[in-house]
Amino acid sequence: MAEHDLTPRIAPNLDRHLVFPLMEFLQERQLYPDEQILKSKIELLNKTNMVDYAMDIHKSLYHTEDVPQDMVEMRAEVVARLKALEESAAPLVNFLQNSAAVQELRADKQYNLQMLIERYQIGPQQIEALYQYAKFQFECGNYSGAADYLYQYRALCTNSDRSLSALWGKLAAEILMQNWDIALEELNRLKEIIDSKNFSSPMNQVQSRIWLMHWSLFIFFNHDNGRTQIIDLFNQDKYLNAIQTNAPHLIRYLATAFIVNKRRRPQFKDFIKVIQQEQHSYKDPITEFLTCVYVNYDFDGAQKKMWECQEVILNDPFLGKRVEEGNFTTVPLRDEFLENARLFIFETYCRIHQRIDMGVLAEKLNLNYEEAERWIVNLIRSSKLDAKIDSQSGTVIMEPNHPNVYEQLIDHTKALSGRTYKLVGQIMEHAQSQVAR
């Protein structure tokens, strides 16, 4: 299933530290030879200050207790540099550890800078030292310390670009510590800045949105409400355009979220059109499953793809996360996916057939006859489906449902206002960018 692994496409859009969790997952799933993963880890670590970790991997890879001299020398350099940065940032760090003094800080950054200079002899040089110290801590793998210092730095920083860089670092640190609630707050803060900031070129803004969406995958597939929020973000016109232009592989995650999220069905029809448009640039078993069900009405093909989807989910670092429950290991997302995939097949099949043979339906749903009968009975009860089971003939009979013409008219027109608003917004944004040039 390595052919469906998106890590090579995703990794260039992540901070290198965020790539490590993906590689740990791939190593556990054994999608690639262990030696290949370990070599890739060392290559990544060579661009960080996590020298001790690199040494451990080197020992494991080459089955030795010796490490190259350049690693030993690099470790000495890292320790020396860390000590120097710690000394440079010490005046401001000491101030920040004084809770009474910190309470004097205000929302007015200019006041804070003036107050720090006059009372504590702390100026721009020490504030910059705090940023460098926080960044170095992050490179060393001390994400907790880095997050704290970057938060304090942003409260004092007056340089918008440097403040934005610190926010990216803070977001990465919170993700790596798995602080999903805080990470979501930082993600929303970053989105607001990206959407409102004047970039040097439209492509820079698009690239920032692409980075944001890639980083958000960690949060959305771990946060309690993430599968709804990924649709709210990725399905916005500006972000969906960025996906279609530069990152069509992200369609996998939006498709998965739509399949397991019943509350977002009204937006689902338009998303099927996106899948059709992007077939030439990206497809996998998950998008092909939706094409089989909703475009081609190929239920045999959908059945085959449904099982391929299981493997894709299990071997995807974001979708296949294991959850330990007692003595059992489950993959809730896979189970949810299969349940909803069966529902999609059933609903679509029922729309184009009035009387359905239970045996045929069981085959389409990958269930035995008794399981299919129980599943359909429960579905009819829970969803108030206009259907009944004829046990004697072994068929499901669909009650004809003729939609009200007024309801159809409302459905076709209710989205016009929102689309008009979006169109006006895009025209205004384009006009402003032209004036800025």
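**Close-up views of a predicted model**

**View A. A charge over a tyrosine ring.** Arginine 106 places its charged end over the ring of tyrosine 111, 3.9 Å from the ring centre. The model shown here, as in every view, is predicted.

**View C. A tilted aromatic pair.** The model has 19 aromatic pairs. In one of them, the ring centres of phenylalanine 289 and phenylalanine 337 lie 6.4 Å apart. Their planes meet at 50 degrees, so the pair counts as tilted; stacked would need under 30 degrees, edge-to-face over 60. The pair joins distant parts of the chain, 48 residues apart. Phenylalanine 289 belongs to helix 17 (residues 285–294), phenylalanine 337 to helix 19 (residues 332–352). Phenylalanine 289 is buried, at 0% relative accessible area. Phenylalanine 337 is buried too, also at 0%.

**View D. An aromatic cluster.** Five residues are linked by ring pairs: Phe258, Phe268, Phe271, Tyr294 and Phe344.

**View E. The buried side of helix 14.** Helix 14 spans residues 237–246. Its buried residues include Tyr239, Leu240, Ala242 and Ile243. These four cover an arc of only 155 degrees around the axis, so they lie on the same side of helix 14. An α-helix has 3.6 residues a turn, so residues three or four places apart point the same way. The buried residues of helix 14 pack against helix 11 (180–196), helix 12 (202–220) and helix 13 (226–234). They also pack against helix 15 (251–260) and helix 16 (268–277).

Methods. Residues numbered from 1 in each chain as written. Predicted model: local features only at pLDDT ≥ 70, side-chain atom pairs only at ≥ 80, totals over all residues. Heavy atoms only, no water. Phe/Tyr/Trp six-rings, centres within 6.5 Å; stacked < 30°, edge-to-face > 60°. Helix = DSSP H or I, 4+ residues; strand = E, 2+ residues; numbered from the N terminus. Buried < 20%, exposed > 50% of the residue type's maximum accessible area, 1.4 Å probe, protein only. Lys NZ or Arg CZ within 6 Å of the ring centre and 35° of its normal. Arc of directions from axis to C-beta. Contact = heavy atoms within 4.5 Å.
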